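Subject: Structure handover

Hello,

Here is the structure we spoke about, with its sequence.

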There are 2 protein chains.
Amino acid sequence: MRRSDRLLELMTRLRDGRIHRAEDLAARFGVSVRTIYRDMDTLAASGIPVEGTRGSGYRALDTLTLPPLSLTPAEIEALQLGLAIVAEAPDPDLKAAALSLTEKMDAALPSEAPTDRDAALAVYPFSDAARGFSHMSTIRAAIRGRQKLRLSYRRPDDVWSFRTIRPLQIDHFGRVWSLTAWCELRNDFRVFRLDLIESADILPELFVDEPGKSLADYRAAG
Amino acid sequence: MRRSDRLLELMTRLRDGRIHRAEDLAARFGVSVRTIYRDMDTLAASGIPVEGTRGSGYRALDTLTLPPLSLTPAEIEALQLGLAIVAEAPDPDLKAAALSLTEKMDAALPSEAPTDRDAALAVYPFSDAARGFSHMSTIRAAIRGRQKLRLSYRRPDDVWSFRTIRPLQIDHFGRVWSLTAWCELRNDFRVFRLDLIESADILPELFVDEPGKSLADYRAAG
DNA sequence: CGGCTCCTGACAACTTTATGTCAGTAATTC
DNA sequence: GAATTACTGACATAAAGTTGTCAGGAGCCG
């Protein structure tokens, strides 16, 4: 039996909630006790929460282990968004689980901090995820592609407007999704509620960060 | 340089989007070409989407790799719930990412198919996650513990009722969360909307699956 | 076609890792 | 205190994994 197979089966075996003595495990696998101790070291080093108590034996917390996964940026985004949503659930168990998992993933992801360019989607506490999604695809594409957008927008007071904007970031806080952008009509930053955007069309026109018009400027001013 | 270090740097190097020839990589790492081919095999076997084209070279899709993670059942649940929510987003990119990720995780999780006992939370398409969460914690605990619940429930037509139920499963479809249970008042299966549950108290009374009253029976009859 | 490059198999040399044995320490339970 | 069991270090040996070399096959492109 190969070492890796033994480690795998050890994990499975430890998960039954009972206490296991190193000597029994050694006999079961036909290896020496010393080897079992070394295996436990290896498991612990891999993040499996196995706990040995002198005088009694080993037990493992009830966990499942996910193998290494290779994720596309979109999948990472979906994952983070999903967890952020669950983290707002009133169920404290779920909420705690989502938070601790988010923490684990943050620790696990490469330190390359997400750049502004990648952070096209920022997640905030929210309560009603469903509304206002309809133009998200277009808008995200525009943010990524640095393309200007032509918006047809209905203000909360039912006044209509048409404007060209430089989309910067999609956020969600409070109840709705919103889009932070530089508005070329007002010549200032504006935040648009996604559910009030009637139409959004990508213009062929590209834009670059100009001093005073970038996301960093918005945050600095915010 | 250890093999594992080389593999890690290979991954990083491949992620730059350019095409790399095996010979160049071999020279860079001071190993033979044959070793590079073997490394590519190893990476592919680990799920890293590296693609070699005869006549041109290697390139890797833009991905990040998550190391093995050890997750508690609650975290797995949070993860699956979050992805199920995102999978309903109207944004096709996000939706596709969530679905493919769900698939990956399903494939990755141990083959132990979730039992009915573990499947206390089934996820369906949904649109308004926020409402009706307030008793979820209690209810999930009761499902897990096989404990009866005392419900104070307001029907959609505003008629109040009090009943003892055997909680079986929490679902979400359409717009609200709901609880499938065996109702001891009606002596039949009933589905309750969580947002209409006024109070839910766990009774000390345990229950066991009786023929005709289990989740399997409900599904069979469904 | 010819040139490029990926790709595969086999085998021997080499390097690393895993393992058993032994000797002893430390916490826990009774 | 006695029994029990987890732990640690050292070292020789056994096992496993890694690598280079060589010989040849297979898809892609101009």
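Which residues in helix α2 (residues 22–29) of chain B are buried? They are Ala22(B), Leu25(B), Ala26(B) and Phe29(B). Please keep in mind that this is a predicted model.

Helix α2 of chain B

Looking down the axis of α2(B), the buried residues fall within an arc of 100°, so they line one face of the helix. What do the buried residues of α2(B) pack against? Their partners are α1 (3–14), α3 (33–45) and β2 (57–60) of chain B. Just after α2(B) comes Gly30(B), which takes a positive phi of about 70°.

Salt bridges

How many salt bridges does the structure hold over all chains? The count is 31. I looked at some of them in chain A.

One of them joins Asp39(A) to Arg6(A), with the closest N and O atoms 2.6 Å apart. Asp39(A) belongs to helix α3 (residues 33–45) of chain A and Arg6(A) to helix α1 (residues 3–14) of chain A, so the pair ties together parts that are 33 residues apart in sequence. Are these two residues buried or exposed? Asp39(A) is buried, at 1% relative accessibility. Arg6(A) is buried as well, with a relative accessible area of 8%. The cut-off behind both calls is that buried means under 20% relative accessible area.

Helix α1 of chain A also holds Glu9(A) and Arg13(A), which are four residues apart, about one turn of the helix. Their side chains form a salt bridge of 2.8 Å, N to O. Glu9(A) is partly exposed at 24% relative accessibility, and Arg13(A) is partly exposed at 28%.

A further salt bridge links the side chains of Asp24(A) and Arg21(A), at 2.9 Å from N to O. Asp24(A) has 43% relative accessibility and counts as partly exposed. Arg21(A), at 39%, is partly exposed too. Elsewhere, salt bridges that share partners join Lys148(A), Arg166(A), Glu184(A), Glu205(A), Glu210(A) and Lys213(A) into one network.

Two single residues

Where does Lys104(A) sit? Its place is in helix α5 (residues 92–108) of chain A. Lys104(A) is partly exposed, and its relative accessible area is 29%. Leaving out residues up to four places away in sequence, Lys104(A) touches Ser70(B), Leu71(B) and Glu75(B).

Ser214(B) is found in the loop between β9 (197–206) and α7 (215–221) of chain B. Ser214(B) counts as buried, at 9% relative accessibility. Which side chain makes a polar contact of 2.9 Å with that of Ser214(B)? The partner is Asp217(B).

Regards

Note on methods. Residues are numbered from 1 along each chain as its sequence is written. Chains are lettered from A and ligands numbered from 1 in the order in which they are written. This is a predicted model: local features need pLDDT of at least 70, side-chain atom pairs count only at pLDDT 80 or more; totals for chains, interfaces and linings use all residues. Side-chain values use heavy atoms; hydrogens and water are left out. Helices (H or I, at least four residues) and strands (E, at least two) are DSSP runs, numbered from the N terminus. Buried means under 20% relative accessible area, exposed over 50%, partly exposed in between (1.4 Å probe, protein chains only). Contact means heavy atoms within 4.5 Å. A polar contact is a pair of N or O atoms within 3.5 Å; within protein, one must be able to donate a hydrogen and the other to accept it, and residues adjacent in sequence count only if both atoms are side-chain atoms. A salt bridge is a side-chain nitrogen of Lys or Arg within 4 Å of a carboxyl oxygen of Asp or Glu. The arc is that of the directions from the helix axis to the C-beta atoms.
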